[in-house]
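Work through the exercises below with the sequence and the model at hand. Each task is followed by a stepwise solution.

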Amino acid sequence: MLLSVTPVCIFIFIDIYKSILVKNFVTVIRHCTIVGPFLGVFFKIMIMHIKEKTAMQIINEINRDYELFNTMSPSYQEIIDAAIVNSLQYSERAWTITVLCVVLIFPVMAAVLNVYNFTFKSEPAKYMVHDLPKPYGEPEERFDTPYFEIMFIYMVYCAILYIVNFVGYDGFFGLCINHACLKMQLYCQAFKEALASENMHEKIAGVIKEQNRLFEYVDLIQDTFNVWLGIILIATMIQICNCMYHITESVETATHFYISGWEHVNNIPIRKMVLFMVARAQVPLEITAFNKLIFDMDLFVSILQTSYSMYTLLRS
């Protein structure tokens, strides 16, 4: 499956190399939005091969717990049913919908634009899923038939593979975390019942055993997913830095205008126009999320502060 995505990534790497030669870093960043998820899929496949034993131990522990759940009393069944509903709602359905929306927006938007242009315009323009020049060809050759149609279908296929990988691996991580929370809720309930029972010492000893099993289970999750969590952190930092790069580039436009040699032009109207151009360029462009959150250093610091606040809230 990974090899089937490799050809389009080779084309992207070729165009990245050409873009670096001409210092077209905007195109490099645009291609990284595709190469990044591909490398993520590649790393996840490697991680699962390397951590196959620990991942299997996690699955065995979950299977062992659910076998025990079938014989537990109604007080435990209510906790278990609520945890199952939570896993289905957030770790499976919500996460699947999120991945579908993020990935399919590219092929769906391209398909809608193509249908609209060919239906309502006399000279329709073609849109690829990811605009990628034909290797060793002229830029406009990427829209020629049948190359355009083949690449469009192939990129849709690659998008489906992305969905399968990100839903499966990351969804499994969510299920593992939810199960850890369920184990904690169950032995807390067991401890509560143990305090009101006659054989208190024996039941509390059983709670301690389950608590130790939880610690071992969390260690398995840590061992299996710690590299991937680090990659996610790095990817998030890179995305924020990319947005900040675009913003700083817009500010430098004013400097480029100023040092362009306008003082040697004797045309007064042109010199006045330069003043307005410099003044407008000094107002930085804004990249926003939901038309409200501005990507800048303040947002970056706010993300760190919010993350730490949520962490301390959960800890308390």
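From the N terminus on, the elements run α-α-α-α-α-α-α-β-β-α, which gives eight helices and two strands. Helices (H or I, at least four residues) and strands (E, at least two) are DSSP runs, numbered from the N terminus. The model is predicted: local features need pLDDT of at least 70, side-chain atom pairs count only at pLDDT 80 or more, and totals for chains, interfaces and linings use all residues. Residues are numbered from 1 along each chain as its sequence is written, and side-chain values use heavy atoms, with hydrogens and water left out.

**Exercise 1.** State what share of the protein is buried, and describe the largest nonpolar core.

Step 1. Of the 316 residues, 30% are buried (buried: under 20% relative accessible area; exposed: over 50%; partly exposed: in between; 1.4 Å probe, protein chains only).

Step 2. A nonpolar core is a set of buried Ala, Val, Leu, Ile, Met, Phe, Trp, Tyr and Cys residues joined through side-chain atoms within 4.5 Å. The largest one has 41 residues, and those with the most contacts inside it are Val8, Ile58, Met151, Met155, Cys176, Tyr217 and Phe225.

Step 3. Two or more core residues each come from helix H1 (2–21), H2, helix H3 (52–69), helix H4 (74–120), helix H5 (147–195) and helix H6 (200–258). H5 gives the largest share, 16 residues.

**Exercise 2.** Find the buried residues of helix H7 and say how they are arranged around its axis.

Step 1. Helix H7 (residues 268–281) has 14 residues and spans 20 Å from first C-alpha to last, close to the 20 Å expected at 1.5 Å a residue (expected span: 1.5 Å times one less than the number of residues).

Step 2. Val274, Val278 and Ala281 are the buried residues of H7. Seen down the axis of H7, they fall within an arc of 70°, so they line one face of the helix (the arc is that of the directions from the helix axis to the C-beta atoms).

Step 3. Lys272, Leu275, Phe276 and Arg280 are exposed on the other side of H7.
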